[in-house]
Amino acid sequence: MKTKLGLLYGGKSAEHKVSLQTALAVIQALDLEKFEIHPIYINVEGRWIKGPELSGPVENVKALEFSNDNELSPLSLAPALFHAEKQEAPLDVIFPLLHGPNGEDGTVQGLLELLNLPYVGNGVLASAAGMDKVMMKNVFSQAGLAQVNYVAFIKSEWEHSKEEAYSKVEAEIGFPCFVKPANLGSSVGISKCTNRAELETAFVEAFQFDRKVIIEEGVVAREIEVGILGNDYPECSIPGEIVPKTDFYDYKAKYEDGDTALIIPADIKDEEYEQIKEMAIQAFKALDCSGLVRADFFLTKDGKALINEVNTMPGFTPFSMFPLLWKHTGLAYPQLIERLVNLAKERHEEKQQIKYTF
């Protein structure tokens, strides 16, 4: 029997276009002998629109941007409500292919929990903490994971005392440093600063995308990434290295000009990989992650690994780092998708065994 798979993509987020690319790639890779594909598009205004069941490959993202004619309430995804008038079976699994706020941050995951639907990827807590770089780094600190120094500010705090904020960065972090929106991915709104003037401009830029920003110490190091796959017993992929030709791996390098080298496997020592692998799995467990995570590290010249961040819904096209890492580890893109769907089912079945009454 085919798995009825609902693909949830788009979203009211600055990463809307990235999500469309991800959805297209997944659709093109799915085996139609194994899956019924039900696309659900969230447009930039936040409206949920159900597309027709897909019977074949989709050529481009335009075909996935449905009109408002088939707008639905998110609650209609519930098994008891989903097209009940037609007596249709509910969707078996939802695959949220959403990046950034309103999708990757635990909001959609919370809705799916309330609807008691199996879904691919991380739960509410891991998604929310993984989206908020400040909370994530606080958890890592509590877990004893080595990382760069950082400070954070909310917008009202900065507006009330800008000079104090800049001075704190200079005293505790120094230059170079990176200013980032706390709740955004795909390197949107990030700036590298080497002096006070650049710092002031970076604060203004980052606060356009979030009410909270984080400022991190700049380090001279290689950028190493690994993929984590699993639930209670996570597995780690081989390592990969990002070698950007710009100052850092920004949005343009990731999605537009491709002016970045992805080296898989990364040329690192066995003991360095074991250190990164151990820290990645520790971070996965500290955030109570499930399904998939990409863990990003800095590796210094003296072989010390510093965890930078984890991404609970990493780039997921066949040319993104996470799928490439698993491809080179021995798990091809179509099989990776199937593995994630099975992990979602396993986690949901486990939750159904929990007793909520005495």
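Of the 358 residues in this chain, 54% count as buried, where buried means under 20% relative accessible area with a 1.4 Å probe, protein chains only. A word on the source: this is a predicted model, where local features need pLDDT of at least 70, side-chain atom pairs count only at pLDDT 80 or more, and totals for chains, interfaces and linings use all residues. Residues are numbered from 1 along each chain as its sequence is written, and side-chain values use heavy atoms, with hydrogens and water left out.

Now the fold. The chain has 11 helices and 15 strands; these are DSSP runs, with helices being H or I of at least four residues and strands E of at least two, numbered from the N terminus. The radius of gyration is 21 Å, close to the 21 Å from the globule rule for 358 residues, so the chain is as compact as a globular protein of that length. That radius is taken over C-alpha atoms, and the rule is 2.2 Å times the number of residues to the power 0.38.

Contacts next. Of those with a separation of 6 or more, 67% join residues 24 or more positions apart. Contact means heavy atoms within 4.5 Å.

On to the second largest pocket. Which residues lie nearest its centre? Asp288, Cys289, Ser290, Arg347 and Lys351, out of 14 lining residues. A pocket here is an open set of points on a 1 Å grid where a 1.4 Å probe fits, with protein on both sides within 12 Å along at least five of seven lines; lining residues have an atom within 4 Å of a point. Helix H3 (124–131) and helix H11 (333–351) each supply at least two lining residues.

Technical notes. Buried < 20%, exposed > 50% of the residue type's maximum accessible area, 1.4 Å probe, protein only.
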